[in-house]
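Keep the structure in view and follow along.

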Amino acid sequence: MNEATAKSESPVDKLDVARLESYLKGRVEGFSGPVSATKFSGGQSNPTFKLSTPGRTYVLRRQPPGKLLKSAHAVDREFRVMRALQDSAVPVPRVMHLCEDRDVLGSMFYVMEYCEGRIYWDAALPELDNSQRSAMYEEMSRVLAALHSVEIEAAGLTDYGKPGNYFERQFERWQGQYRASELQPIAAMDQLIQWLGQHLPEDDGRIALVHGDYRLDNIMFHPSEPRAIAVLDWELSTLGHPFADLAYQCMQLRMPADSGNISGLMGVDRKALGIPSEHEYVARYCARMGIERIDNWAFYLAFSFFRLAAIIQGVAKRAADGNASSKNAARLGAFVEPLAQLALDVIAKEA
């Protein structure tokens, strides 16, 4: 994991370790101070800290302080879903404690185990050879299928999402979030929103636990094996349509190598690197899930671009308000229009 000691005076970087140490004693089994906190770099949503004590290392993830958009930064939902997935076929860190009392640190937070492994930020995986790259993408496909195969009732998550058409709900939610954080009019986003609203697919009855931000850098791999040991960042998880996760990952692989904090494979010769094509990746997923084909693929891709653009616009708004988790947040706003244009390109070519 990349990490950087908090040096800024931003409230996002601050952690009252004395108060935290006092609070966690007796609430997290075996916890004993003194504790030091180091903020992880990367990520734009919920500030995340490595907690070091003489006996053990932990991770603390909190909401950013200050005014938040409705339903955003849902660390309590992250805690709940990871607890529900403990010992399942979906690898997650073991969670230990959720603090909903905002008076302790100024915002809600939870504590989980620290996992030692590898996180990759470049979708081309330049650190690996072809066989390893192939194995990593195969593992991502396996884990995604495992996630979408979770028995929701057995996991205690029947109320984890609202009933009804998932894409209709998500479209309304993210359109609202985008408008609430809009800093200036963006014609491409307005055009994309109009098209999506006119082409919402009928509800086909598919429902699964979805991650919402399933991508390479949200997966920690074993230190030496092509095996996922922890899927991270569950803030956007819900009960929804499984194709949303698949399209979101494929959407990101269509993006340029530098698209903010997200690495894509636009223009990359995947075959030469041992990385499956989008068609091959989708076909492998379908085989695992027992699906013959996926209709409305252009909509799912375009919607993924739209939602990511709306998320990034929210990050840019928090940066403008001085309340962002990362110092890179302010520059992300420049990616909203290109993302919307990429979606419009998908629509023009594939719809």
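Start with the pair α7 and α9, which cross in a right-handed sense. The model shown is a predicted one. Helix α7 covers residues 242-253, and helix α9 covers residues 278-289. Their axes come within 11 Å of each other. The crossing angle is roughly 155°. Angles over 145 degrees count as roughly antiparallel, and α7 and α9 are therefore roughly antiparallel to each other.

Now look at the residues that touch. From α7 come P242, F243, L246, Q249 and C250. From α9 come E278, Y281, V282 and Y285. Sorted by class, this contact of α7 with α9 holds seven nonpolar residues, one polar and one charged.

Move on to the second pair. Helix α6 spans residues 187-198, and helix α10 spans residues 297-320. They pack at an angle of about 135°, and their axes lie 11 Å apart. That angle makes α6 oblique to α10. Here α6 passes α10 in a left-handed crossing.

Which residues of α6 and α10 make the contact? On the α6 side they are M189, L192, I193, W195 and L196. On the α10 side they are F299, A302, F303, F306, A309 and A310. The class count for the contact of α6 with α10 is eleven nonpolar, no polar and no charged.

The α7 and α9 crossing is right-handed, whereas α6 passes α10 in a left-handed crossing. The contact of α7 with α9 includes one polar and one charged residue, while that of α6 with α10 has no polar and no charged residues.

How values were computed
Residues are numbered from 1 along each chain as its sequence is written. This is a predicted model: local features need pLDDT of at least 70, side-chain atom pairs count only at pLDDT 80 or more; totals for chains, interfaces and linings use all residues. Side-chain values use heavy atoms; hydrogens and water are left out. Axes are lines fitted to C-alpha atoms, for helices over the stretch in contact, and angles run from 0 to 180 degrees between N-to-C directions. Helices (H or I, at least four residues) and strands (E, at least two) are DSSP runs, numbered from the N terminus. Angles under 35 degrees count as roughly parallel, over 145 as roughly antiparallel, 65 to 115 as roughly perpendicular and the rest as oblique. A crossing is left-handed if the near helix is turned anticlockwise from the far one by less than a right angle, and right-handed if clockwise. Contact means heavy atoms within 4.5 Å. Ala, Val, Leu, Ile, Met, Phe, Trp, Tyr, Cys and Pro count as nonpolar, Asp, Glu, Lys and Arg as charged, and the others, Gly among them, as polar.
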